[in-house]
Structures are given as C-alpha cells and as structure tokens.
Amino acid sequence: GYLSNNLERTHMRIADKNITRAVLERHGFTFKKSFGQNFLTDTNILQKIVDTAEIDQDVNVIEIGPGIGALTEFLAESAAEVMAFEIDDRLIPILADTLGRFDNVTVVNQDILKTDLQTQIQNFKNPDLPIKVVANLPYYITTPILMHLIESKIPFSEFVVMMQREVADRISAEPNTKAYGSLSIAVQYYMTAKVAFIVPRTVFVPAPNVDSAILKMVRREQPLVQVQDEDFLFRVSKAAFVHRRKTLWNNLTSHFGKSEETKEKLEKALELADIQPSIRGEALSIPDFGRLADSLKEVGL
Ligand code: SAM
C-alpha cells in the first residue's frame, strides 16, 4: 500500500501516464499479449465510465481484469464495494501496492470463466445491493465472458464494459444492418444494449490495433420474447446467419436438411410464423425469430 498512500496524498491517479509508467517500472512488469493486457491511461475516460455506470454507495461492482487498478481506483471511490477478478498472478502484488488504501476492494486471483461467481458474490458485505459489472474487458475473450455472465443466473442489473468497437456495434445492432447477427440476438434477448461512447486506441498502453467502445447493457425485467426453448431459439438464429448473403430458406435447409419431408415441415413452419422464405436472416427481429423457433418446434423440427 506504499504507492496507494502516496497517490492519495498527492491526488495522483494510477491511470496518470507517469504513474502507470512508474508502477510498471517499479514492479518490472511486462505485458502479456495472451491475456489481452492494454491498460487505460486516461482519467477523463475513467470518470466517464463510472458516470455511465451510475455507480454510487448503493451499488456493488464486479470488475473483470483490474490490471494495475486504473479503473478499480475510480470504482472504489464511488461504489459500496468492488470485487475484481484478475487471472495474472504477477498483478496481485502490484494491486496490493496501488489499491492498498481501499478497504472496500477485494482482488480475486482467478479466471473469471472458471470462478464460482454465485459463491463469490455472497462475500459482498452487503450482498443484497444491486450488482453491476464494470470492466475494460480482455478482447480475446469478450464474447465468452459476456455470455458466461449473462447466462449465469446472477441478477446483474447492468454491464458497462469496454470492448472492441466492432464487437460493441455487433452486440447493439438493429435488424437490417450489416452488424446485426446472432450475437445481437443472444445479448438483446436478455439485455438492452447501447454504445455509450467511443474510445480511441491511443489512450492505452500498449495501444491495441483497433478502437474501443463502452457498451452499456441493462437487463430486461424478462427476456424480450417468450419461447418454448431458448437454446433452440439461439440455434435457429445462428443457423439463419451462417451464410449472410443467402436467403432464410437456404440457411434453414442447410441446417435442418433438404429431404422432401423436412422441406414440407419448413414450409409449414414459415407459414405458421408468417415469414417469407425468400428474405434474409438479417431482416428478422428477435420477436420474429421467437415465432420462427416456436413454429419449427410445432412442426417437429
Ligand atoms: N482494467 C485495466 C485497465 O483498464 O487498465 C486492465 C484492462 S486489460 C484490457 C484486461 C485485463 O484482464 C488484464 O489485466 C488481464 O490480465 C485480465 N484478464 C485476462 N483474461 C482474464 C480472465 N480470464 N479472467 C480474469 N482476468 C483476465
């Protein structure tokens, strides 16, 4: 906590470029590309992230990948409590150094994809507060992390996370756009998703090859549509986008089969759902996909 106390005294921030450089040097830290390590060095952007997430004393925060604690510091100052999961052992003593003054931060040295989150969140001093996920995600596993968290039965109220701009655009895309696809559907089925702002690559060390975006996702009170079988809905929506330029009919026959019997069933299901076989998957909204999935079940596919 030596550094942490000095930071407090001098009103400097971990993300100040000079401080970040000094921390890395002091601990002889070298970046590991395989962990997606790009550290934020812009305090204005960090403040904007905290503002976007509307963090206050009545919110518990889960952070994924604190790095050297740039975002964690801002979160700790606003939230009731912060639980931060970091996979890289080498960062644990560094975080003790940079964040030592906070008694509302817990760093857990675990892979977020392997941790038992349900048990971990019982360790919040006040486990009844709403939990928000706020993070600058490692880009190599953005989608697996998001799906892992969304599909966990944990009632996160909100995600405010940084990711590659292109992925943020795909998640938040509307039908009939190039970015719209099965990822948009998988997330928007559970959450509303909106790009809050764009972050240029220049504010990171090392600078990544692409720009980033802050995506804000708020959990819907219930999924956007009611379907008989959620997994089947997601399988059907994936199948509809396998060949983006092909018609829905072609993608469905590729997926379910081309026998006369199957084709008859497909025709019937599309008629039931009131969907033209000649359109493309990208023209279908999530409610359309819901009707399609239920109709396909109905005809026995
Ligand atoms: N939050 C810091 C910041 O904004 O400067 C660092 C963000 S950096 C893009 C991603 C962080 O996630 C790194 O610290 C990396 O070690 C960590 N990380 C990578 N894979 C992880 C995983 N599976 N579980 C937990 N943390 C992970």
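At what angle do the axes of helix α12 and helix α13 cross? They cross at roughly 135 degrees and come within 8 Å. Bear in mind that this is a predicted model.

## Helices α12 and α13

Let's stay with this pair for a moment. Helix α12 covers residues 260–273 and helix α13 covers residues 286–298. Given their crossing angle of roughly 135 degrees, α12 and α13 are oblique to each other. As for handedness, α12 passes α13 in a right-handed crossing.

Who does the touching? On the α12 side, the contact is made by Leu 266, Ala 269, Leu 270, Leu 272 and Ala 273. On the α13 side, the residues are Arg 291, Leu 292, Ser 295, Leu 296 and Glu 298.

## Helices α3 and α4

Now for another helix pair. Helix α3 (residues 43–53) packs with helix α4 (residues 70–78) at an angle of about 45 degrees, and their axes are 10 Å apart. That angle makes α3 oblique to α4. Here, α3 passes α4 in a right-handed crossing.

From α3, the contact draws on Thr 43, Leu 46, Gln 47, Ile 49 and Val 50. From α4 come Ala 70, Leu 71, Phe 74, Leu 75 and Ser 78. This contact divides into seven nonpolar residues, three polar and no charged.

## The sheet

On to the strands. Seven of them form an open sheet with mixed pairing, in the order β4-β3-β2-β5-β6-β9-β7. The edges belong to β4 (105–108) and β7 (191–199); each has a single partner strand, so one side of each has no neighbour in the sheet. From one strand to the next, the twist averages 20 degrees.

Zoom in on β2 (residues 60–64) and β3 (residues 81–85): these strands run parallel, joined by five bridges. Which residue in β3 is the bridge partner of Val 61? That would be Val 82.

## Aromatic pairs

How many aromatic pairs does the structure hold? There are 10. One of them brings together Tyr 190 and Phe 234. The ring centres of Tyr 190 and Phe 234 are 6.1 Å apart and the planes sit at 45 degrees, so this pair is tilted.

Where are the two residues along the chain? Tyr 190 is in the loop between α9 (182–188) and β7, while Phe 234 belongs to helix α10 (residues 230–240). The pair therefore ties together parts that are 44 residues apart in sequence.

Terms used. Residues numbered from 1 in each chain as written. Predicted model: local features only at pLDDT ≥ 70, side-chain atom pairs only at ≥ 80, totals over all residues. Heavy atoms only, no water. Axes fitted to C-alpha atoms, helices over the stretch in contact; angles between N-to-C directions. Helix = DSSP H or I, 4+ residues; strand = E, 2+ residues; numbered from the N terminus. Parallel < 35°, antiparallel > 145°, perpendicular 65-115°, else oblique. Left-handed = near helix turned anticlockwise from the far one by under 90°. Contact = heavy atoms within 4.5 Å. Pairing = 2+ DSSP bridges. Phe/Tyr/Trp six-rings, centres within 6.5 Å; stacked < 30°, edge-to-face > 60°. Nonpolar A, V, L, I, M, F, W, Y, C, P; charged D, E, K, R; others polar.
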